[in-house]
Amino acid sequence: MFEKITAAPADPILGLTEEFKKDTRAEKINLGVGIYKDESSNTPVLATVKKAEAILLEKETTKSYLAIPGTPEYGLAVQRLLFGADSSIISDKRAQTAQAPGGTGALRLAAEFIKRQLGDVKVWLSNPTWANHKGVFSAAGLEIAEYTYYDAETKDMDFDAAIADLANAAPGDVVLLHGCCHNPTGIDPDAAQWQKLAELCVEKQLLPMFDFAYQGFANGVEEDAQGLRIFAAKCEELLIASSFSKNFGLYNERVGAFTLVAKDAEQSTTAFSQVKTIARVIYSNPPAHGAAVVTEILNDDALRTDWEQELAEMRDRIQEMRVLFVQTLKEQGVEADFSFIERQNGMFSFSGLNKDQVNRLKEEFGIYIVGSGRISVAGMTKSNMLPLCKGIAAVI
Ligand code: LMR
């Protein structure tokens, strides 16, 4: 039976890591997948995570199943991060949160919820967007549309084009926004632009959905929620997919959350009952460990302070690499202006390198970059900077 099956193409991001691992060159550099590396190119377990795990080892009394949406403590901790601890969305019980297996699991829950409960609406994705967005929403049977996001000339957001494209969306359509640190461009709307986008969604009756995978990597945990909170103040209904892979370094624990905000507590409870049904038929109920770690850290004042400090260190190191990258490229005689890299947020930058250049970097220098030209700045270190910039200088 299986002889009819043809091979699937490799994943553009995770497939690249598989290739990287097989590469035997000692000087190889992986700037593909978005994983934070320290100066020694390690992805360490955060000290606050280790402390929370030690506490959990003592406290844990059972490995019994969690409820379908995970624990209420986790749900509340997630909502406080998203909307702010004093948000009326929380006190009015307009939000409900399901722990999900990673950010991708949260997106898939959202996609299934949209398809089964909201019908044949379109999901508007930014162009460009994270390579897996199309796959996740299409897998749920949803139609995809795109709105312009990036201007290759100015290396900035093409905000007017985004608004013009979204003006073509029909009432009920879903607009996917990146909460901060837009993946792959690293370019986020400013406060005035968030306002305009929120107004457009209200005016055209579009359903905003946030993919929030990098909270804390642009300016800070609270600061990075600015766009979401602008929307939360204006829109009665919202969907949010959170990921704690990067900001807690819990990549392989698969800790995410799907949060639904409705007009009132009753509608929220009813809509959420459908989310529970969806989770039950996909993975039944979530794994406990990673979410327990996140809950422990967020609910303990000292651990939370230390976590924000560790997050700030990751953010600052990436920013330092941005500056060093631009400077080293110049020193290597690259005349093209790369200063836009310093203005972008989070782990990624859209380098402008074309497919040919990306291929040559891999083949000739062992430098791995996603085919779109997206670079994970989080993978740069002081020691790989020179070979990296020499390689780039040679291909452009
Ligand atoms: C990325 O964009 O590199 C990360 O979100 C990892 C992934 O799953 O693609």
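UniProt, in an unreviewed entry, places the feature "domain: Aminotransferase class I/classII large" at residues 27–392; UniProt positions follow the numbering used here, feature names are shortened, and annotations may be inferred rather than shown by experiment. The structure is a predicted model, in which local features need pLDDT of at least 70 and side-chain atom pairs count only at pLDDT 80 or more, while totals for chains, interfaces and linings use all residues. Residues are numbered from 1 along each chain as its sequence is written. The annotated span, residues 27–392, is 46% helix and 16% strand, and its end C-alpha atoms lie 15 Å apart. Helices (H or I, at least four residues) and strands (E, at least two) are DSSP runs numbered from the N terminus.

The chain is assigned domain 1 (11–45 + 315–395) and domain 2 (65–299), with bounds that come from an automatic or database domain assignment. A distance of 28 Å separates the C-alpha centres of domain 1 and domain 2. Their contact takes 19 residues from domain 1 and 20 residues from domain 2, two residues being in contact if their C-beta atoms, placed from the backbone, lie within 7 Å. On the side of domain 1 that touches domain 2, strand E11 (residues 348–350) gives the most, with three residues. By class, that side of domain 1 has nine nonpolar, eight polar and two charged residues. For these classes, Ala, Val, Leu, Ile, Met, Phe, Trp, Tyr, Cys and Pro count as nonpolar, Asp, Glu, Lys and Arg as charged, and the others, Gly among them, as polar.

The largest nonpolar core has 111 residues, of which Leu 109, Ala 110, Val 175, Phe 258 and Val 294 touch the most other members. This core lies between domain 1 and domain 2 because both give residues to it. A nonpolar core is a set of buried Ala, Val, Leu, Ile, Met, Phe, Trp, Tyr and Cys residues joined through C-beta atoms within 7 Å. A residue is buried if 20 or more other C-beta atoms lie within 10 Å of its own, exposed if 12 or fewer, and partly exposed in between, with C-beta atoms placed from the backbone. Leaving out residues up to four places away in sequence, Phe 258 touches Ala 98, Ala 100, Ala 106, Leu 109, Ala 110, Ala 241 and Val 275.

Several backbone features deserve a look. Most residues other than glycine have a negative phi, and most peptide bonds are trans. A cis peptide bond, with omega of about 10°, joins Asn 127 and Pro 128, and Pro 128 sits in the loop between strand E3 (122–127) and helix H6 (133–139). Pro 184 lies in the loop between strand E7 (174–178) and helix H8 (191–203), and Cys 181 is found in the loop between E7 and H8. Phi of Cys 181 is positive, near 55°, and Cys 181 is buried because 27 other C-beta atoms lie within 10 Å. Lys 93, which is not a glycine, has a positive phi of about 55°. Lys 93 is placed in the loop between helix H4 (88–91) and strand E2 (95–101) and counts as partly exposed, with 13 C-beta neighbours inside 10 Å.

Three further residues illustrate other surroundings. Pro 12 lies in the segment before helix H1 (14–22) and is partly exposed, with 14 other C-beta atoms within 10 Å. Beyond four places in sequence, Pro 12 touches Ala 131, Val 370 and Gly 371. Phe 272, in helix H10 (residues 265–282), is buried because it has 20 C-beta neighbours inside 10 Å; its contacts beyond four places in sequence are Gln 96 and Leu 260. Glu 363, in helix H14 (residues 355–365), is exposed, with 9 other C-beta atoms within 10 Å.
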